[in-house]
Amino acid sequence: MGRVAVAGASSGVGKVIADALATEIKHEYILLSRNPSAKPKTVQVDYSDIDALAATLDKYQVDTVISALSLATDEAGQNQANLIEAAKRASSTKRFIPSEYGSRWNPETWAIAKDGRHRDVPPMPTYQGKVKAIRALEDSSLEFTALYNSFFMDYLGVPHIPTDMPYAPNVFIDLDHKFAAIPGDGTASFVATHTRDVGRFVVALLDMKKWERFYTVHGSRQSMLEAVKLAEELTGSKFTVVHDSLEKLEKGVITLTPTALKMYEGNDQAIGLLTQQLSLFGRWLAQGRMDMDISLNSLNSEFSDIEPLTWLNTIETSLKK
Ligand SMILES: NC(=O)c1ccc[n+]([C@@H]2O[C@H](COP(=O)([O-])OP(=O)(O)OC[C@H]3O[C@@H](n4cnc5c(N)ncnc54)[C@H](OP(=O)(O)O)[C@@H]3O)[C@@H](O)[C@H]2O)c1
């Protein structure tokens, strides 16, 4: 069995995946980083040098690359595309997991993207980078799979459930302040999964002999109204509930939770950025784009010994503090 390489393990999802690999102690692995690091197993790489990247993958006999690059910029998207190209060239590399870890796009969207017309893909670099990666993998002989977990539960669990996400504002439901800012009417279902469980499922994927093109994982699935109702029942408190209409969200306006406002108190830039990003994600949530068919290629079913954190667990943990 060859080695695993995790790209982008200095922070966020990549760090969680690296921690899960370290806990599992079953797979040999290296961590690819743009920078030198004191962290054991780190190998410094230059993503702009594809031949050198391929040589690194061969040097360490990497058979599986797990990308968790941030994709927040066009440069990062191109760097992931270069990593895929390097994996294609490396004779030791056979499998690739691109940096997805979010909402599942419907096949129609992919088909449109395959035509080179990205009109249904959000104009953010992140999603352009994701489409670019899937297209490059489809055009390769690498075996690949994308993991869809939808929304990170981390943002609902702040500050009660530890998270490695470098940017983790509390959003939508604020358990501490018994407050909910619901995008739209709150009837659309959404899926939420904690990053810690995403890491565990990614490592579990390594044991599968053959991969489907995508897998789903989930912690919980319910509507915002149901999520608030459960929080009210378990806490025994009535929540203050604000609804942000789709029209309001389309204008880039959204209600932030008291905990989020406290986290970024005095930092107007951070509050502005959060408002801008969250109004888009809020709109997606209200439109049901953070929902998915959790029975489809479900790793929860495949690996039933992994018990992911649920919304109920999150509320219960918050009550213990
Ligand atoms: N579902 C959700 O709610 C949700 C939320 C957030 C993110 N995500 C997804 O999760 C994935 C990872 O995001 P993240 O927030 O975990 O990332 P992150 O913490 O911002 O960055 C992860 C790593 O990417 C590397 N990186 C950053 N910029 C790079 C560049 N220009 N070129 C190459 N490498 C670069 C860095 O590693 P080095 O410095 O060591 O090279 C960094 O540690 C993305 O696909 C993102 O869309 C999903």
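Both Phe 151 and Tyr 155 are buried (under 20% relative accessible area; exposed is over 50%, partly exposed in between; 1.4 Å probe, protein chains only). The model is predicted: local features need pLDDT of at least 70, side-chain atom pairs count only at pLDDT 80 or more, and totals for chains, interfaces and linings use all residues. Residues are numbered from 1 along each chain as its sequence is written, and side-chain values use heavy atoms, without hydrogens and water.

Rings of Phe, Tyr and Trp (its six-membered ring) pair if their centres lie within 6.5 Å; planes under 30 degrees apart are stacked, over 60 edge-to-face, the rest tilted. The count comes to eight aromatic pairs. Phe 151 and Tyr 155 form a tilted pair, 5.8 Å centre to centre with 55° between the planes.

Phe 281 is partly exposed because its relative accessibility is 23%. Trp 284, at 5%, is buried.

Charges also sit over rings (NZ of Lys or CZ of Arg within 6 Å of the ring centre and within 35 degrees of the ring normal). The charged end of Lys 41 lies over the ring of Tyr 29, 4.9 Å from its centre. That of Arg 95 lies over the ring of Trp 211, at 3.8 Å from the centre.
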